[in-house]
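Subject: Structure for you to look over

Dear colleague,

I am passing on the structure we spoke about, with the sequence alongside.

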Amino acid sequence: MKFNILRYDPDQDQKPYFKEYDIALEPSDRMLLDALIRIKSVDDTLALRRSCREGVCGSDAMNINGKNGLACVTKISDLKEPVVLKPLPGLPIIRDLIVDMTQFFKQYHSIKPFVINHDTPPETERLQSPTDRLELDGLYECILCACCSTACPSFWWNPDKFVGPAGLLAAYRFIADTRDQATNERLDNLEDPYRLFRCHTIMNCVDVCPKGLNPSLAIGKIKEMMVKRGV
Amino acid sequence: MANPASIPVRKYDAIVVGAGGSGLRAALQLSTAGLKVAVLSKVFPTRSHTVAAQGGVGASLGNMGEDNWHWHMYDTIKGSDWLGDQDAIEFMCKKAPEAVRELEHFGMPFDRNENGTIYQRPFGGHSQNFGEKPVQRSCCAADRTGHAMLHTLYQRNVFANTQFFVEWMALDLIRDAHGDVLGVTAMEMETGETMIFQAKATVFATGGAGRIYASSTNAFINTGDGLGMAARAGIPLEDMEFWQFHPTGVAGAGVLITEGVRGEGGILLNGNGERFMERYAPTMKDLASRDVVSRAMATEIKEGRGAGPNKDYILLKLDHLGPEVINKRLPGIREIAMKFANVDPIKEPIPVVPTCHYQMGGIPTNYRGEVVIPKDGNPNSVVPGFYAAGEVGCASIHGANRLGTNSLTDLLVMGKSAGDSVIEFIKQNPEYKDLPADAGQASLARLAKLENQQNGENVHAVGDAMRQTMQAHCGVFRFPDMLTEGVTKIKEVAARAERLEIKDKSKVFNTARIEALELQNLIEVAVSTMVSAENRKETRGAHDRADFHDRPGFVNGRDDENWLKHSLWYKGTDKIEYKPVNLNPLTVESFAPKARTY
Ligand SMILES: Cc1cc2nc3c(=O)[nH]c(=O)nc-3n(C[C@H](O)[C@H](O)[C@H](O)COP(=O)(O)OP(=O)(O)OC[C@H]3O[C@@H](n4cnc5c(N)ncnc54)[C@H](O)[C@@H]3O)c2cc1C
Ligand code: SF4
Ligand code: SF4
Ligand code: FES
């Protein structure tokens with residue numbers, strides 16, 4: 001099977017270049033990650049992140065034939081040849097398929113990703129009805145893979161100012177939690193021409209999320225709350 | 001103080017190596033106490049393997065019906081086939097409810113009951129009233145409990161301002177002439193630079209090493225680094241012969257299907273469509289403990305009753321639960337089955353086989369998370385400054401077989417306990433000890449050797465040889481001749497691992513180098529496992545020896561007279577020593593060993 005992989009090692013390369021691989025796969029190689037490991041067994045210089053190999057850790061996000069996704073849950077049989085692989089767009093390349101995620105995590109941290117509750121915790125659990133808990137579905141499952149934010153044009157242009165779809169999804173995850181008492185603070189934190197309002201509902205984020213989440217919907221809900229709060 | 005090769009030194013009150021559930025829980029305790037703490041992790045914290053845990057965390061909240069920690073304790077001891085230390089088990093089961101509630105207060109998105117309490121599902125080996133009938137004890141967030149827990153703990157650490165060193169790989173433990181632990185050497189993966197992290201206390205929370213087997217539910221990063229580092233530094237490894245084979249790994253792929261599927265009502269069928277567990281475990285059936293279910297499955301396959309064209313797997317049927325339950329309680333499982341087994345469990349059963357899952361053994365500790373080794377006649381002498389928690393540690397709570405949900409409980413309780421012990425230790429030992437003159441030299445030598453090796457061995461080839469050897473010689477069923485041969489073979493592989501060669505010489509994110517270093521750790525784990533398994537002449541829990549089966553006078557092949565003891569393997573001598581199992585709980589009466597039926 002043929003692959004075209006963007007390679008870059010700042011230790012020796014002036015700039016990134018594409019390297020072609022033609023590799024014989026085994027029947028047990030089902031996912032793109034299996035193929036990459038096969039390639040790595042003959043060329044150990046290819047650098048990528050990976051861990052869980054089942055789509056839950058968020059390590060191996062990359063740009064696969066033009067679309068962001070996780071190598072470990074992308075079936076080889078679904079891919080057109082040559083398979084073109086690039087690091088996630090819009091973030092600095094550290095090496096080969098490995099990007100510097102600092103900016104991405106900075107935005108995640110900027111939304112205060114933890115439940116804020118000033119009351120003394122009870123002896124038992126804080127109660128939450130199944131209906132209230134349901135509000136968190138589609139939000140808490142995010143694996144911070146950055147497929148979405150690095151597919152978002154607004155994030156490309158303003159990675160330092162626009163929180164991006166992943167961070168905003170997380171922001172809404174805490175707003176939606178009945179145990180959290182900081183909704184107003186959280187909205188204040190996002191009331192800014194860039195942090196939230198750079199989202200122009202282009203929907204790339206929804207299209208690429210490997211967990212089937214919908215950051216755009218969450219962003220819409222935050223915007224709605226802002227408007228309601230305004231009147 | 002000066003160190004000759006001038007590796008830069010950073011000083012912290014405490015360092016935690018590992019940012020999975022146990023490391024994050026320990027770190028939280030330390031940060032909250034105001035200590036200067038550094039947490040090192042090979043991966044961004046939320047990518048740690050705890051993220052993959054599915055089924056739940058065990059605690060006797062009693063939200064679904066009567067339950068108490070004493071029953072949980074009994075189940076854990078019975079599950080451990082009496083090899084677990086009863087003081088540690090009592091400690092964990094007693095603390096579990098508080099640990100889970102605390103996690104809820106941190107924001108964990110647990111599933112809920114109508115009355116707003118945490119939803120709990122049944123799980124293998126967990127029972128009411130000392131084995132009478134199954135109980136609902138597993139607190140869960142759908143089938144993504146580990147994900148929810150790891151993210152919550154990370155979030156709480158962000159709140160507590162914990163300092164992380166992300167993508168830093170610890171290489172070796174630093175001990176002084178007294179054997180006290182003074183920190184680690186570590187390498188920044190992005191730059192290849194090495195550094196000494198000096199600390200008053202060092203906590204290992206590096207997780208498991210399931211990658212020693214060819215077929216494993218474990219992530220690639222589960223390479224037993226903590227065990228390798230400890231073994232190289234002269235710390236023995238405890239009970240390494242005990243590896244849990246989870247009954248339901250996806251056939252061919254190894255990816256896990258949680259026991260929660262059976263907890264929610266899923267059942268196992270052989271090739272004839274028979275619910276065979278009724279024969280092996282009349283009371284608990286498909287929810288018997290894991291060693292029992294895995295053994296039954298392997299027996300069905302061995303005796304020609306497997307399913308599929310080659311009769312080499314078992315079917316996990318859950319379509320009768322209906323789409324609603326599957327989509328609500330087991331959405332991740334459906335996703336995995338469709339992706340890795342090409343079946344939609346709403347309609348068809350999932351092909352599964354027993355798959356390596358969890359290491360019961362590890363670095364010997366007490367229930368305070370302090371590392372303990374035999375010294376001057378005391379089998380449990382504390383190593384000053386050294387702590388371990390989570391899968392890398394062996395307290396021993398899980399003995400010869402861990403119950404499902406008890407690992408996540410262990411992470412919370414032991415992580416916190418280790419943290420508390422560190423706080424106390426630092427109060428009494430506020431000064432840094434002097435680094436030995438040769439601190440860091442072993443790591444530098446290892447790195448240099450790897451860098452300069454020519455005509456050496458390929459990392460992938462040696463890794464494959466190790467995984468195949470372990471799989472073939474030390475699996476669910478163990479045979480005496482295969483084990484003896486296995487010891488010879490794995491030592492040959494270990495010799496090859498001394499001569500690893502990498503082509504990648506870059507300083508920047510050199511994954512070839514990282515994989516070679518990881519393999520050097522894995523190989524220590526593999527050797528200790530094979531040697532310990534060959535040595536233990538009985539069947540107990542997950543260690544099933546064909547030559548010690550159903551002997552008259554021995555319950556389940558277990559030999560309490562000679563083998564009710566922990567193994568301690570030493571790398572230096574390759575010898576095994578023993579220490580007694582602690583049958584004395586902290587406050588309640590001892591549970592005396594008896595036959596194990598489910
Ligand atoms: C698929 C699957 C499902 C499971 N489901 C359940 C379940 O439902 N319930 C349950 O109780 N248990 C379950 N388990 C078991 C449980 O998840 C693990 O035992 C547990 O998560 C291990 O946590 P830990 O904190 O010990 O280590 P991990 O979460 O594995 O974390 C290890 C950490 O150490 C770091 N590290 C390792 N080596 C180094 C090094 N050299 N330098 C720096 N950092 C290092 C890693 O980066 C990582 O941060 C499951 C296991 C698997 C594989
Ligand atoms: S919908 Fe908003 S966040 Fe999503 S890709 Fe478009 S601009 Fe970015
Ligand atoms: S929202 Fe989806 S794509 Fe974005 S980081 Fe989370 S899991 Fe990845
Ligand atoms: S390797 Fe974990 S998401 Fe792909």
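In this predicted model, strand S9 (residues 194-204) of chain B pairs with strand S17 (residues 378-388) of chain B in the parallel sense, over three bridges, and within that pairing B:Phe204 has B:Ala388 of S17(B) as its bridge partner. S17(B) is also joined by four bridges to strand S16 (residues 370-375) of chain B, this time running antiparallel, with B:Glu370 standing opposite B:Tyr387 of S17(B). Two residues lie between the strands in the hairpin of S16(B) and S17(B), and there B:Asp376 adopts a positive phi near 45 degrees.

Elsewhere in chain B there is an open sheet of three strands, in the order S10-S21-S22, with antiparallel pairing. Strand S10 (237-238) and strand S22 (576-580) of chain B are at its edges and have a single partner strand each, so one side of each is left without a neighbour in the sheet. The pairing of S10(B) with strand S21 (residues 565-569) of chain B, in the antiparallel sense, rests on two bridges, and B:Leu237 has B:Trp569 in S21(B) as its bridge partner.

Turning to the interface, 67 residues of chain B are in contact with 61 residues of chain A. Between them, chain B and chain A bury about 5100 Å², and 53% of that is on carbon and sulfur atoms. On the side of chain B, the residues that lose the most area to chain A are B:Arg47, B:His105 and B:Phe220, which together account for 15% of what that side buries.

In one salt bridge the side chains of B:Asp504 and A:Arg95 meet, at 2.7 Å from N to O. On the side of chain B that touches chain A, the elements giving two or more residues are helix H3 (86-106), helix H4 (145-159), helix H10 (331-340) and helix H15 (511-535) of chain B. H4(B) provides the largest share of that side, seven residues. By class, the side of chain B that touches chain A is made up of 28 nonpolar, 23 polar and 16 charged residues.

Over all chains, the count comes to 71 salt bridges. A salt bridge in chain A links A:Lys2 and A:Asp22, whose closest N and O atoms are 3.6 Å apart. A:Lys2 belongs to strand S1 (residues 2-7) of chain A and A:Asp22 to strand S2 (residues 17-22) of chain A, so the pair ties together parts that are 20 residues apart in sequence.

Chain A also supplies the residues around two ligands. The shell around ligand 2 includes A:Cys152, A:Cys199, A:His200, A:Met203 and A:Cys205, and by class it has seven nonpolar, five polar and no charged residues. Helix H7 (204-208) and helix H8 (215-230) of chain A each contribute at least two residues to the shell around ligand 2. Around ligand 3 the residues include A:Cys142, A:Leu144, A:Cys145, A:Cys147, A:Cys148, A:Cys209 and A:Lys211, and this shell divides into 11 nonpolar, no polar and one charged.

With best regards

Terms used:
Residues are numbered from 1 along each chain as its sequence is written. Chains are lettered from A and ligands numbered from 1 in the order in which they are written. This is a predicted model: local features need pLDDT of at least 70, side-chain atom pairs count only at pLDDT 80 or more; totals for chains, interfaces and linings use all residues. Side-chain values use heavy atoms; hydrogens and water are left out. A residue is near a molecule or strand if one of its heavy atoms lies within 4 Å of it. Ala, Val, Leu, Ile, Met, Phe, Trp, Tyr, Cys and Pro count as nonpolar, Asp, Glu, Lys and Arg as charged, and the others, Gly among them, as polar. Two strands pair if DSSP finds at least two bridges between them. Contact means heavy atoms within 4.5 Å. Buried area is the accessible area (1.4 Å probe) that two parts lose on being put together, summed over both. A salt bridge is a side-chain nitrogen of Lys or Arg within 4 Å of a carboxyl oxygen of Asp or Glu.
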